[in-house]
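Here is a protein model to look through together. Keep the sequence and the 3D view side by side as you read.

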Amino acid sequence: DNARVFGNAMVYGTARVYDDAMVYGKAKVRDNVIIYNNAIICGNAWVYGNAVICGNAWVNGNTKVYGNAKVYGEAMVYGEADVCGNAEVCGDMEVYD
């Protein structure tokens, strides 16, 4: 696919990044995470566990998305926010600080 991981970003474990998704900055993606479509993970964001980030979702800053959390659609998670457990952030929702 056209997925890109660059800068000081790290993707490890069984995590998958595909389609046109991007991971960059100092972002870390690990475990069973799936990132696809046009999703962007950047800044110092950590995504781990069984999280799914897709659509045009954007995760940035010092955020953490983990557990079985899902971020999708046009949703944005940024600042110091944590999205965890079985939480879903979708549509044009914003979660921050």
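Where is the place of Gly 79? Gly 79 sits in the loop between β13 (76-78) and β14 (82-83). Strands here are DSSP runs (E, at least two residues), as helices are (H or I, at least four), and both are numbered from the N terminus.

A quick word on the ground rules. This is a predicted model, where local features need pLDDT of at least 70 and side-chain atom pairs count only at pLDDT 80 or more, while totals for chains, interfaces and linings use all residues. Residues are numbered from 1 along each chain as its sequence is written, and side-chain values use heavy atoms, with hydrogens and water left out.

**The whole chain**

The protein chain has zero helices and 16 strands. Its C-alpha trace spans about 25 × 20 × 20 Å along the principal axes. For 97 residues, a compact globule would have a radius of gyration near 13 Å, and the 11 Å of the protein chain agrees with that. (That radius is taken over C-alpha atoms, and the globule rule is 2.2 Å times the number of residues to the power 0.38.) Of the 97 residues, 37% count as buried; buried means under 20% relative accessible area, exposed over 50%, and partly exposed in between, with a 1.4 Å probe and protein chains only.

**The sheet**

Six strands form an open sheet in the order β1-β4-β7-β10-β13-β16, with parallel pairing. β1 (4-5) and β16 (94-96) are at the edges with a single partner strand each, so one side of each has no neighbour in the sheet. Two strands pair if DSSP finds at least two bridges between them. β1 pairs with β4 (residues 22-23) in the parallel sense over two bridges, and Val 5 has Val 23 as its bridge partner in β4.

**The core**

The largest nonpolar core has 25 residues, and Ile 35, Ile 41, Ile 53, Val 65 and Val 71 touch the most other members. Such a core is a set of buried Ala, Val, Leu, Ile, Met, Phe, Trp, Tyr and Cys residues joined through side-chain atoms within 4.5 Å. Not counting residues up to four places away in sequence, Ile 35 touches several residues, including Val 17, Val 29, Ile 41 and Ile 53. Contact means heavy atoms within 4.5 Å.

**Back to the loops**

Leaving aside neighbours within four places in sequence, Gly 79 is in contact with Asn 60, Gly 61, Asn 62, Thr 63 and Asp 97. The C-alpha atoms of Gly 79 and Tyr 96 are 5.1 Å apart, though 17 residues separate them along the chain. Asn 60 lies in the loop between β10 (58-59) and β11 (64-65).

Most residues other than glycine have a negative phi. Asn 37, in the loop between β6 (34-35) and β7 (40-41), has a positive phi near 60 degrees. Asp 97, in the segment after β16, has a positive phi of about 35 degrees.

**One salt bridge**

The count comes to one salt bridge, meaning a side-chain nitrogen of Lys or Arg within 4 Å of a carboxyl oxygen of Asp or Glu. Asp 31 and Arg 30 form it, at 3.4 Å from N to O.

Here is how some of these residues compare in accessibility.

| Residue | Relative accessibility | Class |
|---|---|---|
| Asn 60 | 19% | buried |
| Arg 30 | 23% | partly exposed |
| Asn 37 | 29% | partly exposed |
| Asp 31 | 31% | partly exposed |
| Asp 97 | 67% | exposed |
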